[in-house]
Number of protein chains: 2
Amino acid sequence: MDDISFPKGFRAWGLACGIKKNGKPDLGVLVSEPPAQVFSAFTRNAVKAAPVLYDQTVAAAGRKLSHVLVNSGNANACTGTRGYEDVAAEVALLREKAAPKGDVMVSSTGVIGEYLPMEKIRDGIGRLFAAGETFAPFIQSIMTTDTFEKRARKTLDLDGKEVRLGGVAKGAGMIRPNMATMLAYLTTDLELDAGYGETFLGAVEKTFNSISVDGDMSTNDTALLLANGASGVRYASLSEKARQSFDAGLRELMEELAKLIIRDGEGATKLVTIETVGARSSEDAKAVCRAIANSPLVKTAFFGGDANWGRVLAAAGYSGAELVPEKTALEFCGVKVMANGGALAYDEDDVANRMKAKDVSVKVDLGLGSAAWTYWTCDLSYDYVKINAAYRT
Amino acid sequence: MDDISFPKGFRAWGLACGIKKNGKPDLGVLVSEPPAQVFSAFTRNAVKAAPVLYDQTVAAAGRKLSHVLVNSGNANACTGTRGYEDVAAEVALLREKAAPKGDVMVSSTGVIGEYLPMEKIRDGIGRLFAAGETFAPFIQSIMTTDTFEKRARKTLDLDGKEVRLGGVAKGAGMIRPNMATMLAYLTTDLELDAGYGETFLGAVEKTFNSISVDGDMSTNDTALLLANGASGVRYASLSEKARQSFDAGLRELMEELAKLIIRDGEGATKLVTIETVGARSSEDAKAVCRAIANSPLVKTAFFGGDANWGRVLAAAGYSGAELVPEKTALEFCGVKVMANGGALAYDEDDVANRMKAKDVSVKVDLGLGSAAWTYWTCDLSYDYVKINAAYRT
């Protein structure tokens, strides 16, 4: 069973309809029965793909959702009027074949600027709901340059009642705040009211919007949480403690998926955790994390196993955050290397050894306040260049 | 003769004092006799190296400048109180050995976070002004990972009188707006009043602040223009046409040096010119240029010779500039590939051939207004990763 269909009332599957040239699964569907309350976060790129624009209208309508259709291999982005018409055609086909009880959302990921191969998709949607077909896991149908499946599940005991959470994501290149080329689908059989949206968006900020592979942001990024209430448990009826327990469980699941995306960043050899503390504001702490996470100089230094704190400090310095060198301290993998704006004596061999691990970290203490943020990124390797210089050719 | 000492009244030279382990020149001095009016632009990084902080106080004092001392191999950045004391010691040594008639500025470039080897520098400053020494060109003493010398000169006829311009620069990695790890020194024998600063800063914005190798910004970036009036020609006494001719000549010289820096970007194989037109404001046009110039996905696509306009449009989309996909058009190397938010039919072989050149371009027309900006960047190659993963080790 796919992790995403681990909570009660969810089913998900996929197949290969020929969008991808390599014959791998490229069309999938997630179904919630009963239809689910949906919470959504989309790319902030001014250039939004047609399916994102469509999904935003569905989200705004606020009705329950029963189906999400996803294709990989083609992003249906920068496809003008025809792109929108193709989304409408997909939705019409889904309505015809699956008779959804609720609303429908559509996601696409893959190459930008090419029209969807609608004949293949038409055929594929038919097969998704036909008897006698053999299906692939949903997660496989949403992958592009991903090298492994990103999925997670969790069972929570809330006031003595069992509630389930599940999730899948795709990522790889072009990931950063605002979830570039990232798709993430989360499901729960807890019943959530529309008012939960703010908590969900807060968790998105701390997880999917706090990761970066290369600082780029795609036209298609989407994170959805579907809550169908099939467990019979209502969030609103839970104790304060149980509600906090659900909030924390959901965020942990999202963080787990976000980190898996970074581990599979194009060419990544390391997961780098960047922690900024002592900032004047959360915005400052996040800005420092982001500047460090997106610096090619810092990322190549991590690839080389080099505790190059000068590059880290320089990146923090141009982040726009309030920073006083004389109050700033830096740690690599738990070892203090800089304080009060100057170098500390430290055991270089010890730090070099720690930097060889697959999980490394850098911590910046701005020494100005009490705000903090955590961010995850990967290193920048030869393979990143190789993968991205050759992607279309 | 060094290009920087091409204008009358300037001399410049250097030598190896042992800061660089490879024995190459690492200490240089530029002298203006008579002392020159100085115009300056420094890094906007919140973390500024000690020499930058010192030079800013000199600039604020507004007196004439007679000497600039530069070392490479060590940036004297993130060196705390001792860094400032070392700058003061350098200045005192220079005053003792060279008896400057005007003020003195100091620049440093190289590794961050290590103290200047003051004994070597003390010895080096002595030798710079000793009889019987053999000197290297100034330009060589300011280079770090640069693979070639960046220099330019120009003679202008202003109202029938000859005025000379010269310049040298160093760059390579870590270059972007605000001139990260960039040093540029410009000289002219024209007499300029203090009021020329605004024109100089405008030219810096359009040249040294419109280039990017990797989007990082260093702690030491400095651009200086020294004008000593040794030609006997005063800017204030020139005709309007001659003044415009000087402004244009200076900016051309700066653009020439800026492009040389990009051609020598770490691992660069191509010079990419990014032009944004039709923007609502200059700020928007520049933001679009910068987002494209700093996108690793765009830069690896250029390395691969791939006219990947989807990545260019996605970068423009997250730049923060006002952008309407349906009004946006894109060109690669003069060939229109996208208009009105959608792909155009174009000859892919033709574009692929053009993308193989060493000089390539991308043009974005936002279709919203009349503001424009031009930016220069390089591609992102295997060698960039190689150089930067191994820089310190």
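Predicted model: local features only at pLDDT ≥ 70, side-chain atom pairs only at ≥ 80, totals over all residues.
B:Cys333 is not a glycine, yet its phi is positive, about 50°. You'll find B:Cys333 in the loop between strand E11 (329–332) and strand E12 (335–339) of chain B.

Now look at another residue of chain B, B:Ala99. Is B:Ala99 buried or exposed? B:Ala99 counts as exposed, with 10 C-beta neighbours inside 10 Å. Its phi is positive too, about 45°, although B:Ala99 is not a glycine. B:Ala99 is in the loop between helix H2 (80–98) and strand E4 (103–111) of chain B.

While we are on the backbone, there are cis peptide bonds to show you. In chain A, the bond from A:Glu33 to A:Pro34 is cis, with omega near 10°, and A:Pro34 lies in strand E2 (residues 27–42) of chain A. In chain B, the bond from B:Glu33 to B:Pro34 is cis, with omega near 10°, and B:Pro34 is in strand E2 (residues 27–42) of chain B.

Next, the domains. Chain A is assigned domain 1 (3–263) and domain 2 (271–389). Their centres, taken over C-alpha atoms, are 32 Å apart. Where they meet, 13 residues of domain 1 of chain A contact eleven residues of domain 2 of chain A. On the domain 1 side, H6(A) gives the most, with four residues.

On to the sheet in chain A. It is open, has seven strands with mixed pairing, and runs in the order E8-E15-E10-E14-E11-E12-E13. Strand E8 (211–212) and strand E13 (342–343) of chain A are at the edges with a single partner strand each, so one side of each has no neighbour in the sheet. Strand E10 (residues 271–279) and strand E14 (residues 359–365) of chain A pair in the parallel sense over seven bridges. Which residue in E14(A) is the bridge partner of A:Glu275? That is A:Lys363. Helix H9 (residues 309–317) of chain A packs on this sheet, touching E11, E12 and E14 of chain A.

Finally, how do the chains meet? The contact takes 49 residues from chain A and 49 residues from chain B. H9(A) provides the largest share of chain A's side, six residues. By class, that side has 25 nonpolar, 20 polar and four charged residues. Thanks, everyone!

Technical notes: Residues numbered from 1 in each chain as written. Chains lettered and ligands numbered in written order. Pairing = 2+ DSSP bridges. Helix = DSSP H or I, 4+ residues; strand = E, 2+ residues; numbered from the N terminus. Contact = placed C-beta atoms within 7 Å. Axes fitted to C-alpha atoms, helices over the stretch in contact; angles between N-to-C directions. Nonpolar A, V, L, I, M, F, W, Y, C, P; charged D, E, K, R; others polar. Domains from an automatic or database assignment. Buried ≥ 20, exposed ≤ 12 C-beta atoms within 10 Å, placed from the backbone.
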